[in-house]
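Please consider the protein shown here. The briefing is written for a reader who is new to structural description.

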Amino acid sequence: MAVPKKRTPSSRRDRRRANIFLKEPQLVKCKKCGKPTEPHTICHECGFYKGKEYINVMAKIEKKQKALKTEVEETPEIKEEVKKPKKASKKTVKKEASKE
Ligand SMILES: [Zn+2]
């Protein structure tokens, strides 16, 4: 096993580690929509790169909306179940009122 001949001094170690840090991403304005994007990559806002469409963003949005609609269609069943007991409660209230 390779073993270092001499101990690395703290100053040398710290000088080495001074350059280890996260750099801020360099963003470029998208030519199509003007939003900041990474250079040499497809814009995630409009799906364009070098004037050509690579991702159909609208299709993705429509897919999401369809998924949301199916969720909404599932909820009315629950609402109807909630409404039925309310009607029964109204009748019971009327009966109670007539008794009095
Ligand atoms: Zn864009």
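The points below go from the whole chain to single residues.

This is a predicted model, in which local features need pLDDT of at least 70 and side-chain atom pairs count only at pLDDT 80 or more, while totals for chains, interfaces and linings use all residues. Residues are numbered from 1 along each chain as its sequence is written. The protein has two helices and four strands, and along the sequence they follow the pattern α-β-β-β-β-α.

**Overall organisation**

- Helices (H or I, at least four residues) and strands (E, at least two) are DSSP runs, numbered from the N terminus.
- A residue is called buried if 20 or more other C-beta atoms lie within 10 Å of its own, exposed if 12 or fewer do, and partly exposed in between, with C-beta atoms placed from the backbone. Of the 100 residues in the protein, 2% are buried.
- Two residues are in contact if their C-beta atoms, placed from the backbone, lie within 7 Å. Among contacts with a separation of 6 or more, 0% are between residues 24 or more positions apart.

**Confidence of the prediction**

- The predictor's confidence in each residue is given by pLDDT, from 0 to 100. The protein has an average pLDDT of 82, and 74% of the residues score at least 70.
- Among the elements, H1 has the highest mean pLDDT (97), whereas helix H2 (residues 57-99) has the lowest (70).

**The loop between H1 and E1**

- Leu27 belongs to the loop that joins helix H1 (10-17) and strand E1 (28-29). Leu27 counts as exposed because it has 11 C-beta neighbours inside 10 Å.
- Apart from neighbours within four places in sequence, the contacts of Leu27 are Pro36, Thr37 and Glu38. Leu27 and Glu38 are eleven residues apart along the chain, and their C-alpha atoms are separated by 5.0 Å.
- Pro25 also lies in the loop between H1 and E1. Pro25 is exposed because it has 9 C-beta neighbours inside 10 Å.
- From Pro25 to Glu38 there are 13 residues in sequence and 7.5 Å in space, C-alpha to C-alpha.

**The loop between E1 and E2**

- Lys32 is placed in the loop between E1 and E2. Lys32 counts as partly exposed because it has 15 C-beta neighbours inside 10 Å.
- Not counting residues up to four places away in sequence, Lys32 touches Cys43, Cys46 and Phe48. The C-alpha atoms of Lys32 and Cys46 are separated by 7.5 Å, and the two residues are 14 apart along the chain.

**Residues with a positive phi**

- Most residues other than glycine have a negative phi.
- His40, in the loop between strand E2 (36-37) and strand E3 (48-49), has a positive phi near 65°. His40 is exposed, since 8 other C-beta atoms lie within 10 Å.
- Lys50, in the loop between E3 and strand E4 (52-53), has a positive phi near 55°. Lys50 is exposed, with 8 other C-beta atoms within 10 Å.
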